Amino acid sequence: MAFNVQEIRKDFPILQREVNGKPLVYLDNAATSQKPQVVIDSIVDYYSNYNANIHRGVHSLSQEATDAYEGARKKIQQHFNIKQTHEVILTAGTTHGINLVANGFTEFLKKGDEIIVSALEHHSNIVPWQMLCERTGAELKVIPIDEKGVLILSEYEKLLSENTKLVFVNHISNALGTINPIAEIIKMAHKVGAAVLVDGAQSCSHIKPDLQALDVDFYVTSAHKMCGPTGVGMLYGKEEWLNKLPPYQGGGEMIAEVTFKKTTYAGLPHKFEAGTPNISGGIAFGAAIDYLNSIGFDEIEAHEHKLLQYATEQLTAIEDLKIYGTGVDKTSVISFNIEGIHPYDIGTIVDKLGIAVRTGHHCAQPIMEFYKIPGTVRASFAFYNTKEEVDALVAAVKKAKTMLT
Ligand code: 7TS
């Protein structure tokens, strides 16, 4: 089916509403995406028709719920081209997946070992590694960026050594939109025997990563950035790594046998899935993946690229407006400031005109420190945004500028 943005918008009930008396222009997709009716329906259907706990009942409802939840895991596996279903761990989201891995590495690291992160990371891909370093005595090293907000690979190469045990980098920067050359980063890390975790929180709504082709060791993402619900996500780990890592949490459903003397753990993926999970969330994650694939990632990328180009041209034409993150490989995120105006003030005025953008440091304070700014205004576009919405943003930013100068 040809890509028709007006038809697609009809799938999202929220896009029909008004904010402050104006049609909603939702440009905060990097924070969370909106949800199509099919995803909302999948949650309602579960609670209305087959709500039961999974993996434990012989009764029919439990079986139906288990089949739907495990069906979603299979969809995730196929979508990301993961070799085996049990390499998909269902989590509460990206942050949970990162902490699970960081916690698991505690017993494998010692003083003298090094961990590399990039200067483009979200706090959730910095803080857990700092905590890991505190626990183990390992040292954190940082791949720097250039003025365009692009990682300097020659500096990364210099940081790599036989002491490097782990490398963590996001696929796409949430604050700037830079797409990182993860295939190269992974290859370089593997040459020195280091494992790599890629944070895909920002990428999976824009592109379809092939995890086997990337040969990545761990990959994490959140369903809510991909038209799915909040509170659910995915951790992919290579089987050999997941077998090596200890469980993150103890509880029901993650055991093989429990006595007061000793507990043995269940196999993958259950070893990492203690307790009753977000069942409706997992099922809806599967529905979101089906929905995105029904639109098609080639179409999504092409449309978003056009929006990015158009919005970049239009915003750049505003005097004193500076865009941060100007690398060639970039997704549909524009972070900007107008000289002499606080980003929060712009965000507040454009909200009055129905336009949702994020302002602030975007949980990436080191990037703001690099540019010596308090924060930015960030407009992040999804496949359901339109050229007319870009025009509305540009007009609103011009109005804000007039009011504030
Ligand atoms: N990593 C990146 C690159 C992110 O962009 C985010 C969330 C996270 C990790 C954390 O994801 P969570 O689902 O576990 O919370 N980023 C943003 C953002 O840019 N604006 O709000 C949340």
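Which residue in S6 is the bridge partner of Ile116? The partner is Lys141. The structure shown here is a predicted model.

## Strands S5 and S6

Strand S5 covers residues 114-118 and strand S6 covers residues 139-143. The two run parallel and are joined by 5 bridges, with the pair Ile116 and Lys141 among the bridge partners. Between S5 and S6 the chain passes through helix H5, residues 127-136, in a right-handed β-α-β crossover.

## Strand S7 and its neighbours

S5 also pairs with S7, again in parallel, through 4 bridges. In this pairing Val117 stands opposite Phe168 of S7. Strand S8 is made of residues 195-199, runs parallel to S7 and is joined to S7 by 5 bridges. The chain gets from S7 to S8 by way of helix H7, residues 182-191, and this β-α-β crossover is right-handed.

## The ligand site

There are 15 residues around the ligand, and those that come nearest are Thr95, Asp199, Ser222, Arg358 and Arg378. The shell consists of 3 nonpolar, 8 polar and 4 charged residues.

An N or O atom in the side chain of Asp199 is 2.5 Å from a nitrogen atom of the ligand. The side chain of Arg358 likewise has an N or O atom 2.5 Å from a ligand nitrogen atom. For Ser222, a polar side-chain atom lies 2.7 Å from an oxygen atom of the ligand. On its own the ligand exposes 490 Å², and the protein buries 86% of that area.

## Arg378

Arg378, one of the residues that come nearest to the ligand, sits in strand S17, residues 376-380. Its relative accessibility is 0%, so Arg378 counts as buried.

The side chain of Arg378 also has partners within the protein. A polar contact of 3.4 Å links it to the side chain of Asp28. The Arg378 side chain reaches the backbone oxygen of Asn174 at 3.0 Å.

Strand S12, residues 263-265, contains Tyr265. This tyrosine has a relative accessible area of 45% and is therefore partly exposed. Its C-alpha atom is 29 Å from that of Ile115, a residue 150 positions away along the chain.

Pro269 belongs to the loop between S12 and helix H10 (279-295). The peptide bond that leads from Leu268 to Pro269 is cis, with omega near 0°.

## Residues with positive phi

Most residues other than glycine have a negative phi, and most peptide bonds are trans. Asn81 is not a glycine, yet has a positive phi of about 50°. Asn81 is part of the loop between helix H3 (60-79) and strand S4 (88-91). With a relative accessibility of 34%, Asn81 counts as partly exposed.

Glu253 also has a positive phi, near 75°. Its place is the loop between helix H9 (239-244) and strand S11 (255-258). Glu253 has 24% relative accessibility and so counts as partly exposed.

Methods: Residues are numbered from 1 along each chain as its sequence is written. This is a predicted model: local features need pLDDT of at least 70, side-chain atom pairs count only at pLDDT 80 or more; totals for chains, interfaces and linings use all residues. Side-chain values use heavy atoms; hydrogens and water are left out. A residue is near a molecule or strand if one of its heavy atoms lies within 4 Å of it. A polar contact is a pair of N or O atoms within 3.5 Å; within protein, one must be able to donate a hydrogen and the other to accept it, and residues adjacent in sequence count only if both atoms are side-chain atoms. Accessible areas come from the Shrake-Rupley method with a 1.4 Å probe; for residues, only the protein chains shown count as cover. Ala, Val, Leu, Ile, Met, Phe, Trp, Tyr, Cys and Pro count as nonpolar, Asp, Glu, Lys and Arg as charged, and the others, Gly among them, as polar. Two strands pair if DSSP finds at least two bridges between them. A crossover is right-handed if, with the strands pointing away from the viewer, the path from the first strand over the helix to the second runs clockwise. Buried means under 20% relative accessible area, exposed over 50%, partly exposed in between (1.4 Å probe, protein chains only).
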